[in-house]
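Please read it alongside the sequence and the coordinates.

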Amino acid sequence: MTKIKKIRFPLEMENGIMVRTLEELQEHFSLEKILMYISNGKLQIWLRDRYLDDIARALLELKQGDADYKNRVCNIFGVEYDEKFDVDLERVVERQRKLSLLKSCSDDERYIAYIDYMAFEQDDLDNLMKGSQQYIYVERDS
């Protein structure tokens, strides 16, 4: 019987830095990226692949709506929370939603840079039109 070896994928932090260990994650910690990986489930897989089940469980016990949610996420990873690097959790979740929609209609990585200016639904278009974007990209059904 052959044993299937799991391929451990890295997580991408700011500036394209790829982290493969908990120590690298702590050194290059990006709260925004971590929140995104929590949102899409990749962080749980990454942690469990590295036998960091205690951290994975601690993250699952958190409630996203709690006032100190971001601070507690940082504490779980042993990283100091700094309010000047505060992240809009709703924006992170919304960005993840748009990335998922984009991947369902295109696998072209060039479009990811424009994800914040894309409208997939009427609400997206309404929100973008309130801003001062020069361009808005609209996904159309084929």
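In which helix is K70 found? K70 is found in helix 5, where helices are DSSP runs of H or I with at least four residues and strands are DSSP runs of E with at least two, numbered from the N terminus. The model is predicted: local features need pLDDT of at least 70, side-chain atom pairs count only at pLDDT 80 or more, and totals for chains, interfaces and linings use all residues. Residues are numbered from 1 along each chain as its sequence is written, and side-chain values use heavy atoms, with hydrogens and water left out.

**Overall architecture**

- The protein chain contains 7 helices and 4 strands, arranged along the sequence as β-β-α-α-α-α-α-α-β-α-β.
- The C-alpha trace spans about 45 × 45 × 25 Å along its principal axes.
- Of the 142 residues in the protein chain, 30% are buried; buried denotes under 20% relative accessible area, exposed over 50%, and partly exposed the range in between (1.4 Å probe, protein chains only).
- Among contacts with a separation of 6 or more, 41% join residues 24 or more positions apart, a contact being heavy atoms within 4.5 Å.

**Surface and charge**

**Nonpolar core**

- The largest nonpolar core comprises 32 residues, and L43, L47, V73 and F77 have the most contacts inside it; such a core is a set of buried Ala, Val, Leu, Ile, Met, Phe, Trp, Tyr and Cys residues joined through side-chain atoms within 4.5 Å.
- Two or more residues of this core are given by each of helix 1 (22–27), helix 2 (31–40), helix 3 (42–49), helix 4 (53–61), helix 5 (69–76) and helix 6 (89–105).
- Helix 2 provides the largest share of this core, 5 residues.
- Neighbours within four places in sequence aside, V73 is in contact with L31, I34, L35, I38, L59 and L62.

**Helix 2 and its surroundings**

- L31, I34, L35, M36 and Y37 are the buried residues of helix 2.
- These buried residues pack against strand 1 (11–12), helix 1, helix 3, helix 5 and helix 6.

**Salt bridges**

- The structure holds 3 salt bridges, each defined as a side-chain nitrogen of Lys or Arg within 4 Å of a carboxyl oxygen of Asp or Glu.
- R48 is paired with D53 in a salt bridge, with the closest N and O atoms 3.4 Å apart; R48 is partly exposed at 34% relative accessibility, and D53 is partly exposed at 27%.
- R72 is paired with D66 in a salt bridge, with the closest N and O atoms 3.6 Å apart; R72 is partly exposed at 34%, and D66 is partly exposed at 32%.
- E94 is paired with R97 in a salt bridge, with the closest N and O atoms 2.4 Å apart.
- Both E94 and R97 lie in helix 6, 3 residues apart, which is about one turn of the helix; E94 is partly exposed at 30%, and R97 is partly exposed at 25%.

- K70 counts as buried because its relative accessible area is 17%.
- With neighbours within four places in sequence left aside, K70 is in contact with L31, L35, Y81, D86 and V87.
- K70 and R20 are 50 residues apart in sequence, and their C-alpha atoms are 22 Å apart in space.

**V138 in strand 4**

- V138 lies in strand 4 (residues 137–138) and counts as exposed because its relative accessibility is 55%.
- Residues up to four places away in sequence not counted, V138 touches A119 and L125.
- V138 and F29 are 109 residues apart along the chain, and their C-alpha atoms are separated by 33 Å.
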